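Hi there,

Here is the structure I promised to pass on to you. My notes on it follow below; have a look and tell me what you think.

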Amino acid sequence: MSASRHFLLQASEVPSTLDGVRCFVCTLPKELSLDGEAPKTWVTVTKIGTFFDPRYGEFEITRPMLLQMLDNFSKNTYGQEIFLDVAHEPSNGAAAKFIKLAIEGNKLRALLAWTPYGIEAIKVRGFRYLSADYYDNYVDNEQRAQHGALLRGAGLTIRPAIKFIDPVQLSEPDGSPPTILHPDLQNTLLQEIQAMWKELLKQLSEKLSAMKLSAEMIKPLTDAAEKSLSSTTEKTNAEAIIAQFEAAGKTLSEQIAGGAKDIKLSIDLTQPGKQLSEEDILRILATRDQTAAATAKKLAEDKAANVKLLSDIINSSNAAKELGDEYKKRMIEEVLHFITPELSENEVKKLAEIQIKHGKDLAIARQLSGKGFSFPVGT
């Protein structure tokens, strides 16, 4: 079972719009409450990115992981309410309860219902930052089934390990209402976005295949393209990213066809995301060499197997036995240039039968010649 991991996630500069995605905008009142109920505000829980923490090393949070957290929350996969605590000490009580989760741009957002304990921690004790508590791949303790990424909760903290994280606010700043997607609309849009990504990646794979690139070379390109697509929800930008990788594939194909050994690729993406790095290119080249070596080895093995089959058939023939080892060797050598790795077993057997027939005719001719026949033919 994957251990629960606590991350104080670093925030990055987030665009003011949702990258072209349609959204419903609602202005939240300064002090959010419903008829005397616990005050509620939206907070940022985590965001997409690659991070480093000395406790865990390098780790990554992806859009599919956020979608899994959202899905598991809506299904109540964890089997209980999800709470925010203070300093990752749940035994001291709940600072807030998670009411809803939503994805806004590259961030996972949560609507929290605050308790007096949580409000006091923020207003009086200065706990202003959030640290997510999640499973990479949650395994339940009944069916032992895997459910993917799951948000188990979060903790208020004073000193986050990763800086520039959005501070928690109990009220929204004047003139800066948050942009929140309605959950139903958000799910619909995300499904449309994922379908768009899938179709674009399929088209890229087909085009790279048409360029005569091997599957082993195509995969690093499509993997890098998929990571780059995760940074955008706008179709125009996504198509531009795919076009860059298609151009890189064309360059790779042309350089391989030209016999270039020092292959150079360059992908200048205008959108954020993981580009095709030097490591990716080296991996593609290494894969190309491995594929070429494996292909050459397979061809050599197939040819050797066909030569052995031919030799075994001829050497076991009664007609060939009458001719002696030297002539059997000649019978085999005469057709070696016809033996290719692509020949089927039946084709090799047919070739062997032709040589055996010639050998049989020669054996008969020798016998008739020994009896005084000139130009002997027959039986």
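H88 counts as partly exposed because its relative accessibility is 24%; here buried means under 20% relative accessible area, exposed over 50%, and partly exposed in between, with a 1.4 Å probe and protein chains only. H88 sits in the loop between β5 and β6, and its phi is near 55°, a positive value in a residue other than glycine. Most residues other than glycine have a negative phi.

Before I go on, please keep in mind that this is a predicted model: local features need pLDDT of at least 70, side-chain atom pairs count only at pLDDT 80 or more, and totals for chains, interfaces and linings use all residues. Residues are numbered from 1 along each chain as its sequence is written, and side-chain values use heavy atoms, with hydrogens and water left out.

E89 belongs to the loop between β5 (83-86) and β6 (96-104); strands are DSSP runs of E with at least two residues, helices are runs of H or I with at least four, and both are numbered from the N terminus. With 40% relative accessibility, E89 is partly exposed. Its side chain makes a polar contact of 2.7 Å with the side chain of N92. By polar contact I mean a pair of N or O atoms within 3.5 Å; within protein, one must be able to donate a hydrogen and the other to accept it, and residues adjacent in sequence count only if both atoms are side-chain atoms.

In strand β6 you will find E104, which counts as buried at 14% relative accessibility. The side chains of E104 and R109 are joined by a polar contact of 3.2 Å.

Next, the loop between β8 (129-135) and β9 (150-157), where R144 is located. R144 has a phi near 60°, again positive in a residue other than glycine, and is partly exposed with a relative accessible area of 49%. D136 is in the loop between β8 and β9 as well, partly exposed at 27%. The C-alpha atoms of D136 and G148 are 6.4 Å apart, for residues 12 apart along the chain.

Now for a helix pair. How do α4 and α5 pack? Helix α4 (residues 215-229) and helix α5 (residues 235-257) meet at an angle of about 160°, their axes 10 Å apart; axes are lines fitted to C-alpha atoms, for helices over the stretch in contact, and angles run from 0 to 180 degrees between N-to-C directions. The two are therefore roughly antiparallel, a label for angles over 145 degrees. On the α4 side, the contact (heavy atoms within 4.5 Å) involves M217, L221, A224, A225, S228 and L229. On the α5 side, A238, I241, I242, F245, G249, L252 and I256 take part. These residues divide into 11 nonpolar, two polar and no charged; Ala, Val, Leu, Ile, Met, Phe, Trp, Tyr, Cys and Pro count as nonpolar, Asp, Glu, Lys and Arg as charged, and the others, Gly among them, as polar.

Finally, the overall picture. The protein has nine helices and nine strands, and 40% of its 379 residues count as buried. Of the contacts with a separation of 6 or more, 69% are between residues 24 or more positions apart.

Best wishes

How values were computed. Angles under 35 degrees count as roughly parallel, over 145 as roughly antiparallel, 65 to 115 as roughly perpendicular and the rest as oblique.
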